[in-house]
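Please view the sequence and structure first.

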Amino acid sequence: MSVGSMQSADGFLIFKKQGVSMSLESVMNSHHQLLQEPSQMVSSDMVAIAKKQRVQDFFFHRVTQAFSLLVLVALLGIIISLFVNAWPTFQKFGVHFLWHVEWDIINEDFGAAIAIVGTVASAGIALLISVPLAFGVAVFLTETCPVWLRRPLGTSIELLAAVPSIIYGMFGLFVFAPLFADHLQVPLQKILGGMPLVGFLFGGATNGMGILAAGIVLAFMVLPFVAAVMRDVFEITPPILRESAYGLGCTTWEVVRQVVLPYTQKGVVGGIMLGLGRALGETMAVTFVIGNANRMPTSLFSPGTSIASVLANEFGEAENLHFSTLFALGFLLFVITFVVLALAKMMILRAEKAKGN
Amino acid sequence: MNSKRNFIKSVAAAAMATLTMGSAFAADITGAGATFPFPIYAKWAEAYKAATGNGLNYQSIGSSGGIRQIKAKTVTFGATDAPLSGEDLDKEGLVQFPAIIGGTVPVVNLEGFKPGELRVTGPVLADMFLGKIANWNDPKIAALNPGKKLPDQTITIVHRADGSGTTFNFTDYLTAVSKDWSSTVGKGAAVKWPAPTSVGGKGNEGVAANVNRVKGALGYVEYAYVKKNNMTFMQLQNADGKYVAPDDLTFASAAAGADWMSVPGMGVSMVNAKGAASWPISTASFILMYKQPSDKVAAAEALKFFDWAFLNGKKMATDLDYVALPDGLTTQIRAKVWTQIQK
């Protein structure tokens, strides 16, 4: 999310620059006028207007400042309330909570490992599938797509991004899971299940639910986001750069690889992170297909659970330590998302340093 | 300028008038809790509104949520599937009474079996959910179903992923009939499912969808979902050793056998109830109210609603595959429970 705003922040900067230069001009103009007819211009009316404008500016500044501080307050409030509610769990289990493989509600013995593994694995699979696809979509749309097709395709990608996640969940459970079980899981298990080293990844029951199924449905959901962002940033590559590269005899791939990608690196990473953020926090779609089993997954087909789906499933009937454990999971999801975003920012910074600007 | 001010004044006055009028009409009763009885409470509320003009706002947020909300005094009544103990009720100054009866039903997806054809006993069912019986052709199942051909197929257990009164009812039953289950798993709104094949579905509809889709699946749902989705239910052996099928008659039989006043707060567990025709996984859903409600008017309105529902809501309950409380029981509730609530 923050990366998305970075993008818009860039755009905003351009705007602001234009605005500043324009107002500078007008200031200069008025300055000229002032110089020409000083006595006439500095009338009491004008002082009044200036005062009024100053007050307006002051309030405008304060009000917008308050709005943005409100966001900060909300963020802090969320972190604090999560942590306070989660405290009994952290106190009881300590750091051990992070890798403890247990989820026993009746005996109040909890560990976060199962949910963390499920969350990270399903989101990782989603990115592995969706990023190359999204990249292909974006390259096609910006480089090789015939003009008449560009708009309908682009719009349909944006529409796909607007589909509510529960729809993906229902699609996943009722349409995708049966097809996945019969036409993907069974053949995959037959072909790869007996192989050394990777065979265990394809073991288990082929009932259409599990980590891989959740990852694929998530990939569907994340794809339009990543593709839309990538397309947008690819489009901001100055045509002059692109055309020069083509003029030098570059192929489309070379242009994309050597010109477009380096130019838009920040935005591309941003788009991927936006997708990852969505995949990590996605609730309903995952809940429908991940299998919701509080066991450590042993293969790609085994049912598991994710932090978000545990929260969605269990809050209604949670009490005492179970309740605070759910808050602890929520807090961990917050931390994971934060770490991911921070890593992305660091990657961008390092890449920029390497480039020398 | 003046006319503008007048205009604003009149708008404000109109807004105030609507607001006050709104609050005069809004005798809405608020309740929150169990999801299991939500369809019938919603149906009753709709009919009650049509009959009396008074609305009921019931939020099905789960039993624990209902208990939390009534303790926080944000609602007039809380609803829970797992009854509170007499001690807890006394500590909080709450009263508890049953409002509706329903049943939980084990369902399967098994080729060659029509609804009601497969028979199991409680301990065998528990072993299947424990993962001890992992295949449908297990001799223990075959022994109970002589002459039937059971397929060689893995049993996939489907359970509720969300905490639920249905799960409480079902695990309460397994705890009652199986020592192994009670010592290793126990009962609760959500438990640690031991079978290695078990998967969770969200809500009754999630369980129903998974059972209908996965071959060899075994799950449990509320009775209404069995009918709605045409699911293959099992016959269960009850406490009297008879095999029974789930329907409103067998639920009612289980309710008739219960001695409601034997437990403080009427929190009788109806699982494995005596009676030749009793369905062994029947349950009541309970209402919680304060003896000394902070809003006496609202509490009185809530009691009026339940009084009306007990009198007029039987047909609606049957239509939705619940069982209304027997008349003897409602008389007792009126005389012994409602009188404790200050009006």
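In this predicted model, helices α12(B) and α14(B) are roughly antiparallel to each other, because their axes cross at roughly 165 degrees and angles over 145 degrees count as roughly antiparallel. Helix α12 covers residues 296-312 of chain B and helix α14 covers residues 327-337 of chain B. Their crossing is left-handed. On the α12(B) side the meeting residues are B:Asp307, B:Phe310 and B:Leu311, and on the α14(B) side they are B:Thr330, B:Ile333 and B:Arg334. By class, this contact has three nonpolar, one polar and two charged residues.

A second pair in chain B is α5 (residues 122-130) with α7 (residues 165-177). The crossing of α5(B) and α7(B) is also left-handed. From α5(B), the contact involves B:Gly122, B:Pro123, B:Leu125, B:Ala126 and B:Phe129, while α7(B) supplies B:Phe170, B:Tyr173, B:Leu174 and B:Val177. Eight of these residues are nonpolar, one is polar and none is charged.

| Helix pair | Axes come within | Crossing angle |
|---|---|---|
| α12(B) and α14(B) | 11 Å | roughly 165 degrees |
| α5(B) and α7(B) | 9 Å | roughly 115 degrees |

The loop residue is B:Asn145, found between α6 (139-144) and β6 (156-160) of chain B. Is B:Asn145 buried or exposed? B:Asn145 has 3% relative accessibility and therefore counts as buried. Its side chain reaches the backbone nitrogen of B:Arg119 at 2.7 Å. Apart from neighbours within four places in sequence, B:Asn145 is in contact with B:Glu117, B:Leu118 and B:Arg119.

Key:
Residues are numbered from 1 along each chain as its sequence is written. Chains are lettered from A and ligands numbered from 1 in the order in which they are written. This is a predicted model: local features need pLDDT of at least 70, side-chain atom pairs count only at pLDDT 80 or more; totals for chains, interfaces and linings use all residues. Side-chain values use heavy atoms; hydrogens and water are left out. Axes are lines fitted to C-alpha atoms, for helices over the stretch in contact, and angles run from 0 to 180 degrees between N-to-C directions. Helices (H or I, at least four residues) and strands (E, at least two) are DSSP runs, numbered from the N terminus. Angles under 35 degrees count as roughly parallel, over 145 as roughly antiparallel, 65 to 115 as roughly perpendicular and the rest as oblique. A crossing is left-handed if the near helix is turned anticlockwise from the far one by less than a right angle, and right-handed if clockwise. Contact means heavy atoms within 4.5 Å. Ala, Val, Leu, Ile, Met, Phe, Trp, Tyr, Cys and Pro count as nonpolar, Asp, Glu, Lys and Arg as charged, and the others, Gly among them, as polar. Buried means under 20% relative accessible area, exposed over 50%, partly exposed in between (1.4 Å probe, protein chains only). A polar contact is a pair of N or O atoms within 3.5 Å; within protein, one must be able to donate a hydrogen and the other to accept it, and residues adjacent in sequence count only if both atoms are side-chain atoms.
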